[in-house]
Amino acid sequence: GAGVSQTPSNKVTEKGKYVELRCDPISGHTALYWYRQSLGQGPEFLIYFQGTGAADDSGLPNDRFFAVRPEGSVSTLKIQRTERGDSAVYLCASSSGTGVYNEQFFGPGTRLTVL
Amino acid sequence: TQLLEQSPQFLSIQEGENLTVYCNSSSVFSSLQWYRQEPGEGPVLLVTVVTGGEVKKLKRLTFQFGDARKDSSLHITAAQPGDTGLYLCAGVYNNNDMRFGAGTRLTVKP
């Protein structure tokens, strides 16, 4: 497909476990964003990549959260020692990354539930 | 602390009514975007406003960017049930970085 895809669509895990969430951006998009969205809230910024490097990781809540984008395309968000408070929908978006008309295209999200 | 404050948080109106939702910040943005989100989906861009005082129209939706580029409003004329959804504003700064408000959840009753 031509859009942003995220896998898995749903992930249920137990407290203390490690999880990886994957994002496949639109081909050719240089910028990639991760957000976390709790029920009824707007997306909360986590991290933004320009190419392979993290241009802004100020939104990562603590050192249990880490994200990589080794080849400047697919990105993985990694959460260690999951806690119940990590339960949310994790959204990924990509953009061409240039100019003020920078439209982000969002994936459908991964719903993470920590029991 | 929310960088962008949206109001109201919830709005429930009857079909045919007009409404305005607001997005305010103490920060100046390069541009400001409005997105709409349906349940189970990611947000979808409605409009980008760039110039202070700019007004853009998208059918029954009118978007305005404040003169100082710190705030914006979205006005919907003759709302329809299909307008129901979560309306999000997002401030863009440093060209590519972006922060979202908490959103206004709109329900339009037939």
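Predicted model: local features only at pLDDT ≥ 70, side-chain atom pairs only at ≥ 80, totals over all residues.
**Exercise 1. Locate Lys59(B) and state its phi.**

Solution. Start with the strands: Lys59(B) lies in the loop between β6 (55–58) and β7 (61–65) of chain B. The phi of Lys59(B) is near 55°, which is a positive value in a residue other than glycine. Most residues other than glycine have a negative phi.

**Exercise 2. Describe the interface between chain B and chain A: how many residues are in contact, and what area is buried?**

Solution. Step one is the contact count: 25 residues of chain B are in contact with 24 residues of chain A. Step two is the area: the two chains bury about 1,800 Å² between them, with 49% of it on carbon and sulfur atoms. Of the area that chain B buries against chain A, 27% comes from Asn96(B), Arg99(B) and Phe100(B), more than from any other three residues.

Step three is the pairing across the interface. There is one salt bridge between chain B and chain A. Asp56(A) forms a salt bridge with Arg99(B), and their closest N and O atoms are 3.1 Å apart; the cut-off for a salt bridge is 4 Å. Five residue pairs are in polar contact between the chains, both residues being at pLDDT 80 or more.

Step four is the make-up of the chain B side. At least two residues each come from β4 (31–37), β5 (44–49), β9 (85–93) and β10 (97–100) of chain B. By class, that side has 10 nonpolar, 11 polar and four charged residues.

**Exercise 3. Describe the largest pocket: what is its volume, and which residues lie nearest its centre?**

Solution. The largest pocket holds about 450 Å³ of space. Its lining has 22 residues, and those nearest the centre are Gln37(A), Leu39(A), Val89(A), Arg111(A) and Gly40(B). Among the strands of chain A, β9 (88–95) and β11 (110–114) each supply at least two lining residues. β11(A) gives the most, with three residues. Sorted by class, the lining has seven nonpolar, 11 polar and four charged residues.

Technical notes
Residues numbered from 1 in each chain as written. Chains lettered and ligands numbered in written order. Heavy atoms only, no water. Contact = heavy atoms within 4.5 Å. Buried area = accessible area lost by both parts, 1.4 Å probe. Salt bridge = Lys/Arg side-chain N within 4 Å of Asp/Glu carboxyl O. Polar contact = N/O pair within 3.5 Å; in protein donor to acceptor, adjacent residues only side chain to side chain. Helix = DSSP H or I, 4+ residues; strand = E, 2+ residues; numbered from the N terminus. Nonpolar A, V, L, I, M, F, W, Y, C, P; charged D, E, K, R; others polar. 1 Å grid on protein atoms, 1.4 Å probe; cavity = no way out; pocket = protein on both sides within 12 Å on 5 of 7 lines; lining within 4 Å. Points joined across faces, edges and corners; volume = space filled by probe spheres on them.
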